[in-house]
Amino acid sequence: MPIPPRPRKRRAKLRRTPVTLPEEPVSALIARAPAKINLTLHVLGRREGDGYHVLESLVAFAGTADILSLIPGEALSLAVSGPTAGPAGPTDDNLVLRVVRRLAEHVPGLRLGAFHLVKRLPVAAGIGGGSSDAASALRLLARLNDLPLDHPAVVAAARATGADVPVCLDPRARMMRGAGEAVGPGLGLAPVPAVLINPGVPVATAPVFKALGLAVGQTLPGAAHPEIAPGLDAAALLAAVTPARNDLEAPALSVAPVIGMALAALRGQPGCRLARMSGSGATVFGLFTDRRDAVRAARAIRAQNPLWWVAPTWLR
């Protein structure tokens, strides 16, 4: 007797109800804030009126950097972390917030958000860490608000925040003149292997300029800054900058003699072609023509001075 087929169960219809999906998290905008290195720094004098020192400097930027991120939102905030976050000081006084507030004063309806700064560079070190952080904040806000970097409000905010911020806006090797307000075009220099050393002593800029001892209206004698042609390779760049100088090196040595120890450590390394201080110190740099020599030098110096900040890198 055939088995009758089972009655087919009628599937209940699934009612489609609208589902509210959670909002996707907004992607963070991220920018590097590279160390600014003064390959040369000539002090021409101290000008009348504002009393600022007039400088002429070839500036390059390192591969080592702080990292700044921005999550767009209505409220402005800043969190700071990383190995040098403590020495960076109070968050409310950070140059990132200062430069953002200055830009917001000139751009109605400026889109803001939550910044997160990862501090890796030493502080008060002559490598423009805070200025580079501030310039990175401007780059992120310019991207978020569709502003060109040469927008008058962006440039004005950079100049009002610090002398080194304008040159850090577009971090490529270039000449900087005056009190930082005159920034030349990018030079397109070839990357140069380098070692950066900070001996762990913060050096404020004001005491170094005070030790230089220039009165308002006074000029500082010295050979003119060499002309730096665009597109130089590493060997040509070394030849061009070797006759130049950093006029703040001697006064900085009187403020922090340990700078001399760091310079001596670099000059004693095989392959180091030039060792010089950056900015007002205490960071010094050594230039090499072979990356392997730079890496070996950094390893040797770090082994002998474990408390120093030592970074093999590229300058460009």
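Select E249 to begin: its relative accessible area is 14%, and the residue is buried (under 20% counts as buried, over 50% as exposed and in between as partly exposed, with a 1.4 Å probe and protein chains only). The model is predicted: local features need pLDDT of at least 70, side-chain atom pairs count only at pLDDT 80 or more, and totals for chains, interfaces and linings use all residues. Residues are numbered from 1 along each chain as its sequence is written, and side-chain values use heavy atoms, leaving out hydrogens and water.

R267 belongs to helix α8 (residues 258–267) and E249 to helix α7 (residues 249–255), so the bridge ties together parts 18 residues apart in sequence (helices are DSSP runs of H or I with at least four residues, strands runs of E with at least two, numbered from the N terminus).

The structure holds 13 salt bridges. Move to E181 and R47, which form one of 3.2 Å, N to O. E181 sits in the loop between β6 (174–178) and β7 (182–183), and R47 in the loop between β2 (42–46) and β3 (53–73), so the pair ties together parts 134 residues apart in sequence. E181 is partly exposed at 31%, and R47 is partly exposed at 26%. Include D50 in the selection to show a network of salt bridges linking R47, D50 and E181.

Finally, select D170 and R174, whose side chains form a salt bridge of 3.3 Å, N to O. D170 is partly exposed at 31% relative accessibility, whereas R174 is buried at 6%.

Conventions. Salt bridge = Lys/Arg side-chain N within 4 Å of Asp/Glu carboxyl O.
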